[in-house]
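Here's a quick look at one helix pair and a couple of residues around it. Have the structure open while you read.

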Amino acid sequence: MKYLDTNGDGVVDFEEFLIGVRGQMNQRRQAITDKAFLKFDKDGSGTITAADMRGIYNASAHPKVQKGEMTEDQVFVEFLQNFADFNKDGSISRQEWNDYYNAVSASIDNDDHYVQLMRVCWKLD
(Lines give C-alpha, C1' and ligand atoms only; values in the text may rest on other atoms or scores of the structure.)
Protein backbone atom coordinates (compact mmCIF):
# COMPACT_ATOMS: atom_id res chain seq x y z
CA MET A 1 0.00 0.00 0.00
CA LYS A 2 2.79 2.45 0.89
CA TYR A 3 4.39 1.89 -2.52
CA LEU A 4 1.22 2.89 -4.37
CA ASP A 5 -0.02 5.58 -1.96
CA THR A 6 2.63 8.13 -2.96
CA ASN A 7 0.97 11.13 -1.30
CA GLY A 8 0.38 9.27 1.98
CA ASP A 9 -3.34 10.04 2.26
CA GLY A 10 -4.30 6.41 2.93
CA VAL A 11 -6.01 6.01 -0.45
CA VAL A 12 -4.62 4.82 -3.78
CA ASP A 13 -6.17 7.05 -6.43
CA PHE A 14 -6.21 6.29 -10.15
CA GLU A 15 -3.06 8.28 -10.94
CA GLU A 16 -1.12 6.60 -8.13
CA PHE A 17 -2.32 3.23 -9.42
CA LEU A 18 -1.18 4.04 -12.97
CA ILE A 19 2.25 5.13 -11.72
CA GLY A 20 2.54 1.92 -9.72
CA VAL A 21 1.67 -0.17 -12.76
CA ARG A 22 3.61 1.79 -15.39
CA GLY A 23 6.53 2.97 -13.27
CA GLN A 24 8.54 6.14 -13.69
CA MET A 25 8.88 8.14 -16.90
CA ASN A 26 11.36 6.96 -19.49
CA GLN A 27 14.43 9.05 -20.34
CA ARG A 28 12.80 10.93 -23.24
CA ARG A 29 9.80 12.00 -21.16
CA GLN A 30 11.96 12.91 -18.18
CA ALA A 31 14.20 15.08 -20.40
CA ILE A 32 11.28 17.22 -21.65
CA THR A 33 9.85 17.37 -18.11
CA ASP A 34 13.22 18.60 -16.83
CA LYS A 35 13.41 21.17 -19.62
CA ALA A 36 10.04 22.59 -18.60
CA PHE A 37 11.06 22.73 -14.93
CA LEU A 38 14.27 24.57 -15.76
CA LYS A 39 12.31 27.12 -17.78
CA PHE A 40 10.61 28.16 -14.54
CA ASP A 41 13.47 27.66 -12.09
CA LYS A 42 15.48 30.60 -13.39
CA ASP A 43 17.62 30.98 -10.25
CA GLY A 44 18.53 27.29 -10.13
CA SER A 45 17.22 26.89 -6.57
CA GLY A 46 15.43 23.62 -7.36
CA THR A 47 12.12 25.25 -6.46
CA ILE A 48 9.52 27.07 -8.54
CA THR A 49 7.79 29.93 -6.77
CA ALA A 50 4.53 31.65 -7.68
CA ALA A 51 6.61 34.58 -8.96
CA ASP A 52 8.55 32.22 -11.25
CA MET A 53 5.31 30.83 -12.67
CA ARG A 54 3.62 34.19 -13.06
CA GLY A 55 6.31 35.22 -15.49
CA ILE A 56 5.45 32.33 -17.80
CA TYR A 57 1.88 31.19 -17.09
CA ASN A 58 -0.58 33.47 -18.88
CA ALA A 59 -4.16 33.22 -17.65
CA SER A 60 -5.58 35.78 -20.09
CA ALA A 61 -6.69 33.09 -22.56
CA HIS A 62 -8.46 31.02 -19.91
CA PRO A 63 -12.16 30.55 -20.86
CA LYS A 64 -13.42 31.94 -17.53
CA VAL A 65 -11.29 35.07 -17.95
CA GLN A 66 -12.54 35.45 -21.50
CA LYS A 67 -16.15 35.19 -20.29
CA GLY A 68 -15.55 37.65 -17.44
CA GLU A 69 -16.35 35.01 -14.79
CA MET A 70 -12.91 35.20 -13.16
CA THR A 71 -9.97 37.59 -13.15
CA GLU A 72 -6.52 36.55 -14.33
CA ASP A 73 -5.35 36.61 -10.70
CA GLN A 74 -8.17 34.30 -9.61
CA VAL A 75 -7.35 31.82 -12.39
CA PHE A 76 -3.65 31.97 -11.52
CA VAL A 77 -4.31 31.23 -7.83
CA GLU A 78 -6.61 28.35 -8.76
CA PHE A 79 -3.97 27.01 -11.14
CA LEU A 80 -1.33 27.02 -8.40
CA GLN A 81 -3.65 25.33 -5.92
CA ASN A 82 -4.44 22.53 -8.34
CA PHE A 83 -1.03 22.07 -9.87
CA ALA A 84 1.78 20.30 -8.08
CA ASP A 85 2.18 22.06 -4.72
CA PHE A 86 1.35 18.89 -2.80
CA ASN A 87 2.62 20.13 0.55
CA LYS A 88 0.90 23.54 0.06
CA ASP A 89 4.01 25.58 0.91
CA GLY A 90 3.49 28.03 -1.96
CA SER A 91 6.26 26.61 -4.12
CA ILE A 92 6.85 23.54 -6.26
CA SER A 93 9.93 21.43 -5.62
CA ARG A 94 11.55 19.44 -8.38
CA GLN A 95 10.21 16.28 -6.71
CA GLU A 96 6.64 17.67 -6.66
CA TRP A 97 7.03 18.68 -10.33
CA ASN A 98 8.26 15.20 -11.27
CA ASP A 99 5.55 13.48 -9.24
CA TYR A 100 2.87 15.59 -10.94
CA TYR A 101 4.20 14.94 -14.44
CA ASN A 102 4.84 11.29 -13.72
CA ALA A 103 1.09 10.99 -13.10
CA VAL A 104 0.34 12.91 -16.30
CA SER A 105 2.81 10.73 -18.20
CA ALA A 106 1.26 7.53 -16.88
CA SER A 107 -2.03 8.43 -18.55
CA ILE A 108 -0.48 9.09 -21.99
CA ASP A 109 0.50 5.96 -23.93
CA ASN A 110 2.55 7.54 -26.71
CA ASP A 111 5.91 9.23 -26.04
CA ASP A 112 5.48 11.60 -28.99
CA HIS A 113 2.13 12.78 -27.62
CA TYR A 114 3.61 13.42 -24.18
CA VAL A 115 6.54 15.38 -25.61
CA GLN A 116 4.21 17.42 -27.81
CA LEU A 117 1.92 18.15 -24.85
CA MET A 118 4.86 19.51 -22.85
CA ARG A 119 6.19 21.55 -25.77
CA VAL A 120 2.84 23.18 -26.49
CA CYS A 121 1.80 23.63 -22.86
CA TRP A 122 5.03 25.32 -21.76
CA LYS A 123 6.12 26.77 -25.13
CA LEU A 124 9.32 24.76 -25.29
CA ASP A 125 11.44 24.64 -28.44
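## A buried threonine

Thr33 sits in helix α2 (residues 27-40); helices here are DSSP runs of H or I with at least four residues, numbered from the N terminus. With 0% relative accessibility, Thr33 counts as buried, meaning under 20% relative accessible area with a 1.4 Å probe, protein chains only. Skipping its neighbours within four places in sequence, Thr33 is in contact with Met25, Trp97, Asn98, Tyr101, Tyr114 and Met118, where contact means heavy atoms within 4.5 Å.

## How α6 meets α7

Two packed helices are described by the angle between their axes and the distance between the axes. For α6 (residues 94-106) and α7 (residues 111-122), the axes come within 11 Å and cross at roughly 130°. Axes are lines fitted to C-alpha atoms over the stretch in contact, with angles from 0 to 180 degrees between N-to-C directions.

On the α6 side, the contact uses Trp97, Tyr101, Val104 and Ser105, and α7 brings Tyr114, Leu117, Met118 and Trp122.

Lys123 is in the segment after α7. Its phi is near 50°, a positive value in a residue other than glycine. Lys123 counts as exposed, at 67% relative accessibility (the cut-off is over 50%).

## About the model

This is a predicted model: local features need pLDDT of at least 70, side-chain atom pairs count only at pLDDT 80 or more, and totals for chains, interfaces and linings use all residues. Residues are numbered from 1 along each chain as its sequence is written, and side-chain values use heavy atoms, leaving out hydrogens and water.

Key:
Helices (H or I, at least four residues) and strands (E, at least two) are DSSP runs, numbered from the N terminus.
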